[in-house]
2 protein chains.
Amino acid sequence: MKLIGLYRSPYVRRVAVSLNLLGFEYENEAITPFENPEAVSPHNPLVRIPTLVLDDGEVLVESYAILDTLDDMSPAEKRLLPPSGDARKHALKLAAIATGTMDKTVWAVYEGRFHPKEKYHKPWVEHNEAQAEGGLAYLNDAVLKADVAEEGWLADTDRIGQADVSATIAYSFALMARPKLGVAEKFPALKAFAERMEATNAFSSVAP
Amino acid sequence: MKLIGLYRSPYVRRVAVSLNLLGFEYENEAITPFENPEAVSPHNPLVRIPTLVLDDGEVLVESYAILDTLDDMSPAEKRLLPPSGDARKHALKLAAIATGTMDKTVWAVYEGRFHPKEKYHKPWVEHNEAQAEGGLAYLNDAVLKADVAEEGWLADTDRIGQADVSATIAYSFALMARPKLGVAEKFPALKAFAERMEATNAFSSVAP
């Protein structure tokens, strides 16, 4: 498989960590579609990353759809989301809030990246940052409720799952991309949990 | 159930149409989180729509996670995505490209909505519009390949599914929100398909 996109993208990184945990072999093509659209557009009409080219040439796009298909391609005992019912709903909700947090952090980042300085609109950045902080506060509470800062898994599963992957990356991305928000100080339980996750090979081998 | 959000939002609308097709009863609270954040924030830490409050008080957020849970709550013969394998991968990919198209259209819309006139950055709008058009071109090709402009379903299924729902709404939203793009003229097969879908009660009862 070939995973197109930089690990700086939280969406690329949640696919990369998931590939590691599921045990898929892949190579990474570390490009951005802004600088190299021609490397992405033949595979993905949206010209977005992550784009995952499977060994048979089939291409998967959009991280939630990629992760659904990768789980479906994996044996039940390795999948990162429970198959159904309340367990799936709970794990998926945590992963969805983490992904929404990534979205809002990205929107805050993009304002500065894709606007000339004189068109930078601070109220819009702050609006998105506030939403991202709302997501991180929810995840911090989830770590406290499940008591997993030091051991165990966020969604009450018996092994690491997509809630753990996405919550960690939502935090690590906000820490890197919005340093002035002070998320480490504001969300200490999430910080401890994310640091435990980031120390494992599945995460540290795909550091941004 | 209570579905919070305006049908002008393509994400709210794909949940509404899906609720209709799955046969769930719901009421709609037609608000935006920008004007009424206090109506959303108690339910959703991201303060985003759609937010779906279930009858037992549980809350679902982010449309892909909401739709996954609604399918899981439904009998197999009503679900909007195939359960597994190539059929699921194919339908989910079409739905994901449709949703990515919604994302890029929303980004183009938001530039004008959340920036004062002097900070409107046209190149960023055009960048997002070009990506949205890439998605619509893919969906137009998919309609042609599956030969479903006049009858049948986009993902080679024997009944309407999430690929049909999301592709239709991606088109209808772009038509409404970016009228200058001329998407009806550029993507005639998708136009015919979407008009056929929009004429059904599941869609027309939740018109924007």
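**Close-up views of a predicted model**

**View 1. A salt bridge inside one helix.** In this predicted model, the side chains of A:Asp86 and A:Lys89 come together in a salt bridge, with 3.5 Å from N to O. Both residues belong to helix H4 of chain A, where they sit three residues apart, about one turn of the helix. Are the two partners buried or exposed? A:Asp86 counts as exposed, at 59% relative accessibility, whereas A:Lys89 is buried, with a relative accessible area of 12%. Salt bridges with shared partners also tie A:Asp68, A:Arg88, B:Asp68 and B:Arg88 into one network.

**View 2. Helices H4 and H5 of chain A, side by side.** Two packed helices are described by the angle between their axes and the distance between the axes. Here, helix H4 (residues 85-113) of chain A packs with helix H5 (residues 122-146) of chain A at an angle of about 155 degrees, and their axes are 8 Å apart. Angles over 145 degrees count as roughly antiparallel, so H4(A) and H5(A) are roughly antiparallel to each other. The crossing of H4(A) past H5(A) is left-handed.

**View 3. The residues where H4(A) meets H5(A).** On the H4(A) side, the contact includes A:Leu94, A:Ile97, A:Thr101, A:Trp107 and A:Glu111. On the H5(A) side, look for residues including A:Trp124, A:Asn128, A:Gly135, A:Tyr138 and A:Leu139. How do the residues of the contact divide into nonpolar, polar and charged? The contact of H4(A) with H5(A) has 12 nonpolar, five polar and four charged residues.

View 4. Side chains of opposite charge can pair when their charged atoms come close. A:Glu29 does this with A:Lys2 in a salt bridge whose closest N and O atoms are 2.8 Å apart. The pair links distant parts of the chain, since A:Glu29 lies in strand S2 (residues 27-29) of chain A and A:Lys2 in strand S1 (residues 2-4) of chain A, 27 residues apart. A:Glu29 is partly exposed, with a relative accessible area of 24%, and A:Lys2 is partly exposed too, at 22%.

**View 5. A salt bridge from helix to loop.** A:Arg113 forms a salt bridge with A:Glu35, and the closest N and O atoms are 3.6 Å apart. This pair links distant parts of the chain, 78 residues apart: A:Arg113 is in helix H4 of chain A, and A:Glu35 is in the loop between S2 and helix H2 (37-40) of chain A. A:Arg113 counts as partly exposed at 39% relative accessibility, while A:Glu35 counts as exposed at 58%. Over all chains, the count comes to 26 salt bridges.

Conventions
Residues are numbered from 1 along each chain as its sequence is written. Chains are lettered from A and ligands numbered from 1 in the order in which they are written. This is a predicted model: local features need pLDDT of at least 70, side-chain atom pairs count only at pLDDT 80 or more; totals for chains, interfaces and linings use all residues. Side-chain values use heavy atoms; hydrogens and water are left out. Axes are lines fitted to C-alpha atoms, for helices over the stretch in contact, and angles run from 0 to 180 degrees between N-to-C directions. Helices (H or I, at least four residues) and strands (E, at least two) are DSSP runs, numbered from the N terminus. Angles under 35 degrees count as roughly parallel, over 145 as roughly antiparallel, 65 to 115 as roughly perpendicular and the rest as oblique. A crossing is left-handed if the near helix is turned anticlockwise from the far one by less than a right angle, and right-handed if clockwise. Contact means heavy atoms within 4.5 Å. Ala, Val, Leu, Ile, Met, Phe, Trp, Tyr, Cys and Pro count as nonpolar, Asp, Glu, Lys and Arg as charged, and the others, Gly among them, as polar. A salt bridge is a side-chain nitrogen of Lys or Arg within 4 Å of a carboxyl oxygen of Asp or Glu. Buried means under 20% relative accessible area, exposed over 50%, partly exposed in between (1.4 Å probe, protein chains only).
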